[in-house]
Structures are given as structure tokens and as C-alpha cells.
Amino acid sequence: MQELLRPGAADALAPAGVGAERIASLWWVAIAIAAIVYALTVGALAWGAWRARAHQVPTDAHQLPGDEPRVNAVIVGATAVTVLLLFGFLVTDLITSQRLSAMEKPRALTIHITGHQWWWHAEYADSIPSQRLSTANEIHIPAGTPVQLVLQTADVIHSFWAPSLQGKRDLMPHHANLLFLNASQPGEYAGPCAEFCGLQHARMTLRLVVDPPAAYTRWYAAQLTAAPTPTDSLRHLGEAVFTTKACPLCHTVRGTAAGGSVGPDLTHVASRRWLAAGAIPNTDGTLASWITDPQAIKPGTQMPPTRLTAAELTALVAYLRGLR
Ligand code: CUA
């Protein structure tokens, strides 16, 4: 069994985005009030127990003689405070929801995210078709920029949750849900699927990289280019292995004949830090294991094993690892 891998931060109490900051503030207000109420309740209980003992009240007595008006006042007071507190919670909750929905405008960037068992497809929208970008399992967004996510699923219900950046939103069949991100701090964040979606639910993590705007622009331009043409004989052989085996039935590598859409787009797969939706780090060795026996890494995955000679595997790994 592999150790638990963490592709980036996932901490709702260490917010790095506007939405998560507001949710964290709501949490701190709620936990502070709850802690005060708890402390007062336990304090009152302890004081009552101490007082009963000090006055040597029999254990079956309900109250001290002459205490009735005071007890009634305490009950009425505590009920009033409870109602007021619940009302206060309701108001702060509504204010937070209102501020979260105020993030909807304006938006500079729209990304369509589609959940699959068990990986994430991402499509960056653009009015110019040649500027649209398709990628998988890793998205980059510019810091300090409002981003709209259009969340959909290709199969069952999944849930998008990058706790450091924003609250949770489900990906529903036949219905697009919207979520708005505005990440304030550049860094690497994890979006583990947050709705049980089958055998590999636990290995379905979207990696979110928040870049400074200039770095984001560079990343986007690089991702838009077609796959680099192999420059040496090993990678040429690898490309031939890729295009003649079953790979193109499921995967796209732009710039080649491979145009499948069942599995992740591999045009720049070597630029991603993780493989198989956060299941394994992206190295020569893990990639070779994933190609030859994906079921050993993600039992139930729809990626079939590929039978290759050792020379073919070496060439294919060299080719794919060259797709930066
Ligand atoms: Cu997808 Cu859980």
C-alpha cells in the first residue's frame, strides 16, 4: 500500500483565496462563540455542584430552598441568549453567503471542469477557438484574478473542493454548477474529490497551481503549443509505439494523430507533477509501472494494461516524459 500522497496544500483554516478566507472567518466566529457557551455551561455546572455540596443539599433535592425565582430567571435568560445566538449565527451565515456570491462578478477566466471516474478534465474557455486549452488533473490559475469554474460530470456525482481556496461544490449529471475562485497567494493546492464516487474516489485529486499573472501567461502559452516533435531516435521510436498501440483510442497528443478523449490529454503530460490524478508522482519509473499495470496502482481504473517489450516501454516512457 502506498503512503498517502498530498499534491499540494488542502487546509480550510489556512486560506489562500477570497472564498476560503470568508469561510474560515465564519468558522472562527462560530467556534469562538461555541467555546464561550461551552465554558459558561461547564462553569455553571461546576458552580452548582460546588454550591450543593457546600450547603449539604440531599442528592435528590431539585433546588435550594428559596431559589425558585432565581432558577426561573436563569431559565428564561438562558433561553433568550440561545435564541439570540442562533439568530446571530443565522445572520453571519447569510452575510458570508452573500459575500461569497458577490464574487461572481467580474470574472476574467472560465474553466470547464469535468469529473470522470477517476480523473479531472479541464477546458479553458476562450472566444477564439485556437486559444482554448484542454488539459487534465492539473490546472493553473493566475493569482488575484476572479475565475469561474463550470463543474460537470461525465458519469457519477463528484465534488470539487480545494479547501485552501474555496468551499465545496458538487459535479452533478446533466447539470452545470458554478463556483468562483479568487486565489490570493501563489502556491500549490490540492482539490481532492469530496463525494464518494467509486473504488478510486480517494485517488482523484485535482492539483491547482496558483501562479503570479506573468508566470500564468507563460504557462498558458506553453500549454497551447502542440506536442514537441521528438528529436532523438529513442523518442521517435516512443512516438511510433504510442501511435501504433492502443494509446490514441483514449488519449490526445496535439500535433499527432492521437485524438482520443476517453482519458486525459497527454500533450504536455511531462509538465505535470503527478500522474493518475494525484495517485503517483510523475517519474520515469512510476510512468512505466502505470503503463504496464495500472490496476496495481489504481484498482478499478478504466486504463487497460499495455503489453510492450522492454525496448518499447523504455522508448514510450522517454517519449511521454519528453512531452513538456
Ligand atoms: Cu470523484 Cu469522489
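This is a short tour of the structure above, one selection at a time. The model is predicted.

**Stop 1**

Select helix 1, residues 18–54. It has 37 residues and reaches 54 Å from its first C-alpha to its last. That is close to the 54 Å expected at 1.5 Å a residue. Now colour its buried residues: Val-18, Gly-19, Ala-20, Ala-24 and Arg-51. Show helix 2, residues 68–101, as well; what covers those buried residues includes this helix. Then move to Gln-56, which follows helix 1 and has a positive phi, near 50 degrees.

**Stop 2: the largest nonpolar core**

Which residues of this core touch the most other members? Select Ile-111, Ile-113, Tyr-124, Leu-149, Phe-160, Leu-165 and Leu-208. They belong to a core of 32 residues. Several elements give two or more residues to this core, among them strand 1 (109–116), strand 2 (119–124), strand 4 (138–142) and strand 10 (205–211). Helix 3 (213–224) is also one of these elements.

Strands 5 and 8 are in that group too. Select them together. Strand 5, residues 147–153, pairs with strand 8 in the antiparallel sense, over five bridges. Find Leu-149; opposite this residue, in strand 8, stands Leu-179. Strand 8 covers residues 177–181, and four of its five residues are buried, so it is largely enclosed by the rest of the structure.

**Stop 3: Phe-160 and its surroundings**

Centre the view on Phe-160. Leaving aside neighbours within four places in sequence, its contacts include Leu-149, Leu-151, Leu-171 and Leu-179. Gly-167, Lys-168 and Arg-169 are also among them.

Look at the two rings. Trp-120 and Phe-160 form an edge-to-face aromatic pair, 6.4 Å centre to centre, with 90 degrees between the planes. Trp-120 lies in strand 2 and Phe-160 in strand 6 (residues 158–160), so the pair ties together parts that are 40 residues apart in sequence. Are these two residues buried or exposed? Both Trp-120 and Phe-160 are buried.

Next, pick Lys-168 and Trp-161. The charged end of Lys-168 sits over the ring of Trp-161, 4.8 Å from the ring's centre.

**Stop 4**

The structure holds eight aromatic pairs. Select Phe-242 and Tyr-319 for another one. Their ring centres are 5.9 Å apart and their planes are at 50 degrees, so the pair is tilted. Phe-242 is in helix 4 (residues 233–244) and Tyr-319 is in helix 8, 77 residues apart. Both residues are buried. Then show Tyr-124, Tyr-216, Trp-219 and Tyr-220, which form one aromatic cluster.

**Stop 5**

Select helix 6, residues 284–292. Its buried residues are Thr-286, Leu-287, Ala-288, Trp-290 and Ile-291. What covers them includes strand 11 (274–275), strand 12 (280–281), helix 7 (294–297) and helix 8 (310–321).

**Stop 6**

Most residues other than glycine have a negative phi, and most peptide bonds are trans.

- Select Gln-117 and Trp-118: a cis peptide bond joins them, with omega about -5 degrees. Trp-118 is in the loop between strand 1 and strand 2.
- Select Asn-137: its phi is positive, about 65 degrees, although this residue is not a glycine. Asn-137 sits in the loop between strand 3 (133–136) and strand 4. It is buried, with a relative accessible area of 9%.
- Select Ala-276: here, too, phi is positive, about 55 degrees, and the residue is not a glycine. Ala-276 lies in the loop between strand 11 and strand 12. It is buried, with a relative accessible area of 13%.

**Stop 7: Asp-155**

Finish at Asp-155, in the loop between strand 5 and strand 6. This residue is partly exposed, with a relative accessible area of 27%. Which residues is Asp-155 in contact with, leaving aside neighbours within four places in sequence? They are Gly-115, His-116, Gln-117 and Pro-173. Now draw a line from Asp-155 back to Leu-40. The two are 115 residues apart in sequence and 50 Å apart in space, C-alpha to C-alpha.

Terms used: Residues are numbered from 1 along each chain as its sequence is written. This is a predicted model: local features need pLDDT of at least 70, side-chain atom pairs count only at pLDDT 80 or more; totals for chains, interfaces and linings use all residues. Side-chain values use heavy atoms; hydrogens and water are left out. Buried means under 20% relative accessible area, exposed over 50%, partly exposed in between (1.4 Å probe, protein chains only). Two strands pair if DSSP finds at least two bridges between them. Contact means heavy atoms within 4.5 Å. A nonpolar core is a set of buried Ala, Val, Leu, Ile, Met, Phe, Trp, Tyr and Cys residues joined through side-chain atoms within 4.5 Å. The expected span of a helix is 1.5 Å times one less than its number of residues. Rings of Phe, Tyr and Trp (its six-membered ring) pair if their centres lie within 6.5 Å; planes under 30 degrees apart count as stacked, over 60 as edge-to-face and the rest as tilted. A charge sits over a ring if NZ of Lys or CZ of Arg is within 6 Å of the ring centre and within 35 degrees of the ring normal.
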